Amino acid sequence: MPIQILMPALSPTMTEGKLSRWLKAEGDAIKSGDVLAEIETDKATMEMEAADDGILGRILVPGGAEGVKVNTPIGLILTEGEDKSALDKVTSPSQAQAQTPAAAPAASVAAPAPQAPVAQPILQKSYNGPTKRQTVREALRDAMAEEMRNDPNVFLMGEEVGQYQGAYKVSQGLLDEFGPKRVIDTPITEMGFAGLGVGAAFGGLKPIVEFMTFNFSMQAIDQIVNSAAKTLYMSGGQQRCSIVFRGPNGAASRVAAQHSQCYASWYAHCPGLKVVAPWSGEDAKGLLKAAIRDPNPVIVLENEMLYGQSFEVPDDPDFTVPIGLAKIERAGASVTITAFSRMVGMALETAELLAKEGIEAEVINLRSLRPLDTATIVESVKKTNRLVTLEEGWPYAGIGAEISAVVMDQAFDWLDAPVMRVTGEDVPMPYAANLEKLALPDVAKIAAAVRAVCYRGQK
Amino acid sequence: MAIAKKQVAKAAPKAPADNLLKLYRDMLLIRRFEEKAGQLYGMGLIGGFCHLYIGQEAVIVGLMAAARPGDSVITSYRDHGHMLATGMDAKGVMAELTGRSGGYSKGKGGSMHMFSRETGFFGGHGIVAAQVPLGTGLAFGHKYREDQGVCLCFLGDGAVNQGQVYESFNMAALWKLPVIYVVENNKYGMGTSVERASASTELHRRGDAYGIPGVAVDGMDVLEVEKVGRKWLAHAREGKGPVVLEMKTYRYRGHSMSDPAKYRTKEEVSKVRAEHDPIDTLAKKLLDGKLATEDSLKEIDREVKDICTQAADFSQSSPEPDLAELYTDILVEA
Ligand SMILES: Cc1ncc(C[n+]2csc(CCOP(=O)(O)OP(=O)(O)O)c2C)c(N)n1
Ligand SMILES: [Mg+2]
């Protein structure tokens, strides 16, 4: 039997991709290791190598086809001793689908890439200027580029931020525009370059330090907490430290315990730091710009899973999102849900579901975790009398625990039900797909908590 | 062939040819295993990060041939080869890659995090260079217990710039700990070449300031690796302290599965493959020395392919972990 060549998954988050072009033609002899085709993933163009020896008998999906699902047969290899007649013997149902790709691409191009359903954020009232549709990744890049154009003291430093264009492609194009003096590839030395950044900030520069992911900031946490956060205080207000530490935070996909955890509560714990966690493109751009302009150390917790999501983003170099203010993404009178980062999208999704049951949830996008916009939370709880806090991180001493305490303190008499926390499970992140799913909040868990605080039964 | 003689002298009953064939087989097993893992990743059966060891096989295989039972091994996330070479079962490794209950960590660790107390493999660590102090601690344990063991502690050319490496070097030299620091210099840390990351590119000299001897080794030549390994393992076992072995090697594949590898040319990769491949080089030696025939090498290939196919089958038939496993293994019940 000829061997099927299947569309490969080439990144942890890839479900489909573009088969850019074939590098072999039908009839070509191929050896294991030969490059067969180029595949475009959500991140990059990758080469696909042959895993078997033989002859490329048939191309099932032509070059240029977009939206080709992972594991779709894209070609057939004739093995030693087989002739062309063997090709016709292959009839699997999935192959039948793949054999009509010529028409398929057009249709799949028109359909938008599958995305978590999200409500559009309501833009701040103060902003009426132009917007453009961008991914969170692009919004972050533009925020840095605009601030670097604005202020020659701003520079970007981190692993693979320059020549590689960012491990997650967030700094794409910045090296070209600003050159190696201001877009600096570092060795893998987090404690060293974080500390160097703090020193540079002491001297008056405005570093943006990228952690490839926040997991690696633990190598540098002493410099962030002991040097960046405490020096203003220890110096009696003399020594400022204007620095941004940014990068993806929280669970990615299937990268296990050391590479998926949420640092929100870790950093929000520390006086002397500001901590923000954007969800939308607007948040990302506005908060990062505000962070770069801020005279204090600011932690910007991004999320890898959001990088590819698109939003309407203010297109104005003066636009910023003030640090310390939350945003009501969806108004509602039945219950308040607080969330940040990726969980905002999930909260909105849950709210839409619950609306069908007559529960109108008010979804607060916290945006800033330190300072925390307690006024907006308390106001909302006074209206809805019920609160569910949502976060991806661990429950113990988490952001939800803090919000619960604030609400006890400031809105106890307004509560009609105990506050409920929906969090990641209190375990290191497992690798196995089924366990990972169980370890994280999902719509069903959020909906169950909301129904519980509303004293509604399971639908 | 000095090494082979030595093995005989050490009362190993094997003929020299057997030793060479075993080296060949062990390298080929890693190669085929990694190719299989790459395929399973492409089919969506393996998720997250998956760092393949293809091209670097001679390093771990040569050193394990020189090591003794009771020695300990610790490395980074590029770890499948190390696991197989310490004697871990291909099925259990592959099933961990697919996140199944039959995996070495019951599916909870994945590609980067596997352990085997039985074979002396201590992981499997995802944070660059974190394994270096840990390996130093394993060596501390060998010395403390006086068990004659040595720790083989592997790190990359990118990892050598982390501060904790030098904190470890200082303690290891100060206390004469039995540890071999094996720097696997595959020329790149992700997309950054050694030249762009390291002020001094002579990585074997990184212990100079602590008086730690350093040796640069052709890490594509398994016999050379074994020979150097024997010498320095004996040195460490005799209580003479640590050494830095810089293995000059090369990774053929991208850093992980989603790396388009635009930072090097295709010619660079194919040149190493064509001229320095550790497996082809040894095959040629075996054939030229009439220690093997084309057929006997093919037979070895069939054997390791079978192992890998069975491992792949097992990794798909083994069930996903029980949901209750989410909450186990967080603390030891005291
Ligand atoms: C502390 C830390 N920083 C960054 C990373 C991301 N990262 C993973 S592997 C890697 C490159 C390491 O290169 P090298 O030490 O040469 O090992 P190789 O991958 O070549 O085996 C980087 C930067 C990490 N895992 N841990
Ligand atoms: Mg390397």
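Helices (H or I, at least four residues) and strands (E, at least two) are taken here as DSSP runs, numbered from the N terminus. By this rule, Gly124(B) falls in strand 2 (residues 121–124) of chain B. The structure is a predicted model, in which local features need pLDDT of at least 70 and side-chain atom pairs count only at pLDDT 80 or more, while totals for chains, interfaces and linings use all residues. Residues are numbered from 1 along each chain as its sequence is written, chains are lettered from A and ligands numbered from 1 in the order in which they are written, and side-chain values use heavy atoms, with hydrogens and water left out.

Because residues from chains A and B surround ligand 1, the site is shared between chains.

Several polar atoms of chain B face the ligand. A polar contact is a pair of N or O atoms within 3.5 Å; within protein, one must be able to donate a hydrogen and the other to accept it, and residues adjacent in sequence count only if both atoms are side-chain atoms. A nitrogen atom of ligand 1 is 3.0 Å from a polar backbone atom of Val128(B). One of the ligand's oxygen atoms lies 2.8 Å from an N or O atom in the side chain of Asn186(B), and an oxygen atom of ligand 1 is also found 3.0 Å from a polar backbone atom of Tyr188(B). Taken alone, ligand 1 exposes 580 Å², of which the protein buries 96%; accessible areas come from the Shrake-Rupley method with a 1.4 Å probe, and for residues only the protein chains shown count as cover.

Asn186(B) counts as buried at 5% relative accessibility, and Tyr188(B) is buried with a relative accessible area of 9%. Buried means under 20% relative accessible area, exposed over 50%, and partly exposed in between (1.4 Å probe, protein chains only).

Gln261(A) sits in the loop between strand 13 (243–248) and helix 8 (264–268) of chain A and is buried, with a relative accessible area of 10%. Its side chain makes a polar contact of 2.9 Å with the side chain of Tyr263(A). Beyond its neighbours within four places in sequence, Gln261(A) is in contact (heavy atoms within 4.5 Å) with residues including Asn215(A), Met218(A), Trp266(A) and Trp394(A).

Met7(A) belongs to the loop between strand 1 (3–6) and strand 2 (16–22) of chain A, and its relative accessible area is 0%, so Met7(A) is buried. Leaving aside neighbours within four places in sequence, the contacts of Met7(A) include Met14(A), Ile39(A), Val68(A) and, from chain B, Gly42(B). Thr41(A), in the loop between strand 4 (35–40) and strand 5 (45–49) of chain A, is buried at 12% relative accessible area.

Some backbone details complete the picture. Most residues other than glycine have a negative phi, and most peptide bonds are trans. The bond joining Arg370(A) and Pro371(A) is cis, with omega about -5°, and Pro371(A) lies in the loop between strand 20 (368–370) and helix 11 (374–384) of chain A. A cis peptide bond also runs from Gly123(B) to Gly124(B), with omega near 20°. Ala397(A), which is not a glycine, has a positive phi of about 55° and is exposed, with a relative accessible area of 54%. Met190(B) has a positive phi near 55° as well, in the loop between strand 5 (188–189) and strand 6 (192–193) of chain B.

Terms used
Near = heavy atom within 4 Å.
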